[in-house]
There are 2 protein chains.
Amino acid sequence: MASESEAQRALQYEQTLMYGRYTQDLGTFAKDEAARLRLQEGDAAVPRRPSELLEYTQGRCAPCRVCALQCQRFLISKVGEDWVFLILLGLVMALVSWAMDFAIATCLQAQKWMYGGLDTNVLLQYMAWVTYPTVLITFSAGFTQILAPQAVGSGIPEMKTILRGVVLKEYLTFKTFVAKVIGLTCALGSGMPLGKEGPFVHIASMCATLLSRFLSLFGGFYENEARNIEMLAAACAVGVGCCFAAPIGGVLFSIEVTSTFFAVRNYWRGFFAATFSAFIFRVLAVWNKDEETITALFKTRFRLDFPFDLQELPAFAVIGIASGFGGALFVYLNRKIVQFMRRQKTINRFLMKKRLLFPALVTLIISTLTFPPGFGQFMAGQLTQKDTLVTLFDNQTWAKQGINDEFEYLGILEAWLHPRSNVFVTLVVFILMKFWMSALATTIPVPCGAFMPVFVIGAAFGRLVGESMAAWFPDGIHTDSNIYRIVPGGYAVVGAAALSGAVTHTVSTAVIVFELTGQISHILPVMIAVILANAVAQSLQPSLYDSIIRIKKLPYLPELGWGHHEKYNVQVEDIMVRDIRYVTLNCKYRDLQQVLHSTKMKNLPLVESAESMILLGSIERTQVGALLSSQLSPQRRVMTLRQKALSEDGHRLSDPSIRFQISTETSSGTPARPALRKPLKPALKRVPSSPADSPPAGSADHAGIALKSLFCANAATEPTEAQGTAYQKAKRVRISIVEEMILGDKMTPAEILEWEEQQLDQLVDFSSAKIDPAPFQLVEHTSLHKTHTIFSLLGLDHAFVTSIGRLVGMVSLKELRKAIEGSLTGKGVKVRPPLASFRDSTASTTEADTTALRQLWDRHQHHHMPREAGPGGDDDDNTPKGQ
Amino acid sequence: MASESEAQRALQYEQTLMYGRYTQDLGTFAKDEAARLRLQEGDAAVPRRPSELLEYTQGRCAPCRVCALQCQRFLISKVGEDWVFLILLGLVMALVSWAMDFAIATCLQAQKWMYGGLDTNVLLQYMAWVTYPTVLITFSAGFTQILAPQAVGSGIPEMKTILRGVVLKEYLTFKTFVAKVIGLTCALGSGMPLGKEGPFVHIASMCATLLSRFLSLFGGFYENEARNIEMLAAACAVGVGCCFAAPIGGVLFSIEVTSTFFAVRNYWRGFFAATFSAFIFRVLAVWNKDEETITALFKTRFRLDFPFDLQELPAFAVIGIASGFGGALFVYLNRKIVQFMRRQKTINRFLMKKRLLFPALVTLIISTLTFPPGFGQFMAGQLTQKDTLVTLFDNQTWAKQGINDEFEYLGILEAWLHPRSNVFVTLVVFILMKFWMSALATTIPVPCGAFMPVFVIGAAFGRLVGESMAAWFPDGIHTDSNIYRIVPGGYAVVGAAALSGAVTHTVSTAVIVFELTGQISHILPVMIAVILANAVAQSLQPSLYDSIIRIKKLPYLPELGWGHHEKYNVQVEDIMVRDIRYVTLNCKYRDLQQVLHSTKMKNLPLVESAESMILLGSIERTQVGALLSSQLSPQRRVMTLRQKALSEDGHRLSDPSIRFQISTETSSGTPARPALRKPLKPALKRVPSSPADSPPAGSADHAGIALKSLFCANAATEPTEAQGTAYQKAKRVRISIVEEMILGDKMTPAEILEWEEQQLDQLVDFSSAKIDPAPFQLVEHTSLHKTHTIFSLLGLDHAFVTSIGRLVGMVSLKELRKAIEGSLTGKGVKVRPPLASFRDSTASTTEADTTALRQLWDRHQHHHMPREAGPGGDDDDNTPKGQ
């Protein structure tokens, strides 16, 4: 039950369209309000104090005061500018990144020191080697679980969803920020094969949100939704940029993984902030005397005059293709592990009880296998991720061949040399072991990314190919007078870019490696390998982030595939739902009730009349629910009762007046409900919808619902101060509702039913409802391709299909998704038999879903009666939150 | 007159929306059809012949035949795939780029050889030095003028407009391709300060269009509009990519200069094609033995271990800021030169007569000034653009200071050393002279870009700063034990990126320099300088390409500025046009006529009735015109006459039957006109609209219009074979119309008028009109910011404003443009007095425009009568083509 409600909580999302609407749920709204009030009372007074005090002191230095005030006003006006915000964001993120790197390095140093200090006893050494990461990971998992479970995992899938316009709850709060930063530091400090770039995207986004909330105390420009989305996009770039000190690659990578359509006008924001952040990040390293000047993070020193031979290109292409298959396999493996853990109910139940057991167990296995005196000696187990990369990008050739015989393994390079085996074996073991370890480790519920582990595996694979090439052609391929030996380090760079590109489905990993290594001489091999890897991986599997989005059941829109010619032929009329429920302008409340019972659509079309079917706008389900519940509300009943009582008996005034007092108190005490009934104009600008307060099924069991919501509110764990305020408010409201209902419930249930039946027969008054007057419309002949473009451009989740003003159908994200995925499988599998099974898992479910859809559609065709879509229908995606 | 009609021709454009519509003008359509028919008859039969022949030969090798057929089918199916197209595009463009580079190098070599061979006589030398480029530029200008005037200039502004969804005529044809390639080769071969990257974007786009037209002979996938836009976006990337051998920079640069919103799913296309193209381009150089292996175009050899000191960063920042001002000045200067040339009527009239005089004159002046024994000795006049760059990026320090005294100027570096002056003077003279020369040279009507000249000037400026720094700190700034001298070449790289970034308003020039030089060690200085340069330049002037778009009066949407907070407060209701003309569902033809007379809007809203004002869709102006003209057409008149004649006199059958025959022949001979009257369903998919054939003002002067169009067709110069076919067809049609009208015009003018008045009183039959059933709708409260986003996302040129289904207003690109630019100036100028005058030119015109708009609006408010917007109104942007 606990896990289910948790999953549901994670699934609760809300769609904000780009135009005309803005919705926010009550919880966040109340909390924001509380926080704002609190800050206005407390902190905000502090910066104001000097000027205010000046007002009351003697007016001696009046010019000074004026000057100071003007300066202050100037500064405040500047605070509102984008670049100030971006500089602050870059600065904060650089500091966070640097501090985290420092903490992680210290943690790793501590482990090394412990391991080194205990070299007299292997058992003790083993205990230290294994216990240390286990403790750190367990702490990280526990800490995140307790403080903010949203901090688990990479964060890029969630950011992609948020940038699509979906509001994910609690994903950008201070609590999550703290949980993510501390959890990530511990997780990476353990030395597990985990990465930091995904979490950094998330951290930067949270940082931007918090910063803009903080700065909004000085100016009012930070409250705009569109602007916040722009800033979040820039923050994602900063996240990657300051993680790798790669501003350009950071911007491109963040665009590729989070956006489907990118506004070029936001481009400079990302570059500006990421550059500043990367600059500060590297300057901190210089000031800390780690570096002499600003250079790349993993600087390479390949020769410039002849970086590679033209004849080496086939080898690079092979790396690319192999990385493509490897990347797809990694995504597949990662998903299978997650699915396996979920499906095995016995394991699952056991692990659910002992939540921290799974992380501890995985860490134990992995650290046991990497124990240097044990199996770790065959896979360079004692090297940290950073050391591994430095050695893999090394300039020299490791394979002892020909003239290289005198080459000695020096320093950390020694880890790769095993006296009883050769470099090739070490590399192969390393690749194989790290592959499944990384896929497994990234499923641990701690804040972690998969980019860096994959990058290291790719580098090792590249190195393997490079060493093989060097062994095969000891004097290089070039037949001219000059001998240009093969540089295996260059192959490692190519491999790293290719494999990470394949896993994330991005091309910009190429730019990231150039910025990481500080050399761009291998640009063509890297580009060729990355593109080939992408081509292979994209045709086999979704990207790692899309895979996680699907696992987490976040709303998504699949990309159109490579060869999507048939998309031009599918039209909206082929995929649209024809039989949709609608609200007419002259309907009765009973019709509203029926519509609410018969469909689960989040947005209902409003048509002129059932005959003309001219689409006037769309109305949200919650709005319809609010209309219904306000019509059937106990307050109105009490009012009716009171009026009746007044007309019947003029003497009994005391009792109804008390009720009336209470009911007014209620409506003034509720911040959200009266707003729902405001007239159209302000409602369009910003209306907080309150799912918990407006039961969508507008039946008469208000007491039950009110009590239920009260219970839910009680079940919330550990309200913070801000939450507490909101909670107190909500509680007060609910109690008064209950009170009032008890007072008003002097009618018998039969009387109530009769009254309600009367009410339901009245015509609906839409004047108080919030209507979206311009829902997006498509034509029957719009192609699937164009529909996809429009949906992803505008972040839509549904569109109505009209034919010269008349409503003829509707397309939602779900239909579109099924049309795309259905046609992908309908098209048949390409000539890829050995790995065709990769698709089967998705294909089979998709087909089943399509069949279900068809059945549903047929059912809708035949039964026009309401109340047939019972509970547990497959409209889950459209389920309004709060149900 | 000639220039006016030419300007009009250039201005004729058409808007294609992303959804629901596809329009193509008759000329292109007829030509395409003709070309297709011809190819099907001729060329297409050739590849078919083998298999067809096999059918008739003896059936001995049946398996072979089956196999061959299958192979053929497989290949044809593969031809439809995107990647085949992209590879072909990359290959072709690489070959074109390489061949052009080769030709240009040969031209420059020839000039050098001539100049060198004549060193006995300075006068002869001068003659050779000056005549050679003059002849080349004059030839280039004349050739382009005759073959395709659309090939003049950069091409990026036009591509930006085309990618917005606007169809520019003749911009992507084979003729333009030939003109651009040959014109560009000659122009660059002359050694003038001109660039090739802008034209290359255009060439690649034309190449893609031609290639897709060619490949559409094999498969049907190349006829989709959305796909073509995707391919054009990729082609732009290829253009830059193969010009500089910079795939990543090419993709980013093309995105920045051509798109406002970029689809990440098209990203790989650009990377794939650009990488392939750059690869082939460099491989060709290796095969030609120019290079030993694939390396960067302008390879630098800066030291890797200590590329720059942290304390040098202020100098880099200074380069960035100065480049920002310089870039803005360049754009301003370029625009002023164009405007000056246009305004000076006497000069203009003279130059118009002798079109080739201006190019020749400019070339003469510039080549005289660069003559090496003359003034050229102070500005390294004998160096070609490529040599200049190579020397500027040189590793050594030129300023003879301290230990560098023994350094000798070697090879081409000598050009920078003048015995009687020093390097600084040479550099300053070079920068100053090249600055105005480049600004002037890029206004010559030849195919040319401004990127490369600006890049060189930037490099020289950077070098100047670098040499100054090196002279100031001879032993470097670093105070440690190691002496790290300042590398002036690094400053040159930074300066080149900064100035070209400032002129084009792009950040990706940073990536281009890394790819051009093959070194990324200066990433942070380059990024900082580029961002600062962009910040300064963007706040002063539009980018060079936007400036050209405005000069050429192409439709555009200005970007929202940096600090665009006030945009969030302006709403659609503040800027929309409230008093718009509309068409009602139950209107008469007379109403249509009145609407056409009273407005110049390209799209008219169709409402249910004047009372309800419920928006049903939109109808194009040309459609309304077609409805009217078909109602009043001579054919219908003839039919009426014939029917009357039949009823009056049963014996006179012969004469009308001839007329009838002719009229049916006409309607079957016209490919476009019947399509206009097709029912809605196919019309939505692809309807070629024929502006010349459907007179928008549906008055009775058909003979005049028909004769005028006949005259226009005769005035077309040099019809090619394909054109000839179309032309023959059109001529036949027109002649038959005239014939028929002569036959039918037995009615007296009074009778005709009476008949037309009758016709005008009939109710309109919309069944034959093409109605867009889902025009884009906005709400009154949509913010300006969101409106801008939606317009640029969807490439709209207008949107209707509705309030719960009711039409309340309209916003077009023009209103939006004025709202944005108006508020930009309304906001007041920032603290930038010395350069504030830069804005004035645009600001004053904008204010005047706004006033005009307000007047127009007021007029519309007061006079609701039609026919008041007479000829020459200021709705020029909305003028339908063909008027």
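This is a predicted model: local features need pLDDT of at least 70, side-chain atom pairs count only at pLDDT 80 or more; totals for chains, interfaces and linings use all residues.
Looked up aromatics first: A:F244, A:F253, A:F393, A:F451 and A:F455 form one aromatic cluster. I counted Phe, Tyr and Trp rings (for Trp, the six-membered one) as paired if their centres lie within 6.5 Å. Over all chains, my search of the whole structure gave 34 aromatic pairs.

Residues are numbered from 1 along each chain as written, chains are lettered from A and ligands numbered from 1 in written order, and side-chain values use heavy atoms, without hydrogens and water.

Next, charges over rings (NZ of Lys or CZ of Arg within 6 Å of the ring centre and within 35 degrees of the ring normal). I found A:K196 over the face of A:F200, 4.8 Å from the ring centre. In chain B, B:K196 lies over the face of B:F200, at 4.8 Å from the ring centre.

Strand β7 (residues 615-620) has six of its six residues buried, meaning under 20% relative accessible area with a 1.4 Å probe, protein chains only. Strands pair if DSSP finds at least two bridges between them. β7(B) runs antiparallel to β6 (residues 603-607), with five bridges joining them; B:N603 has B:E620 as its bridge partner there. β7(B) also pairs with β9 (residues 771-772), antiparallel over two bridges, and B:I619 is partnered by B:I771.

Methods:
Buried means under 20% relative accessible area, exposed over 50%, partly exposed in between (1.4 Å probe, protein chains only). Helices (H or I, at least four residues) and strands (E, at least two) are DSSP runs, numbered from the N terminus. Rings of Phe, Tyr and Trp (its six-membered ring) pair if their centres lie within 6.5 Å; planes under 30 degrees apart count as stacked, over 60 as edge-to-face and the rest as tilted.
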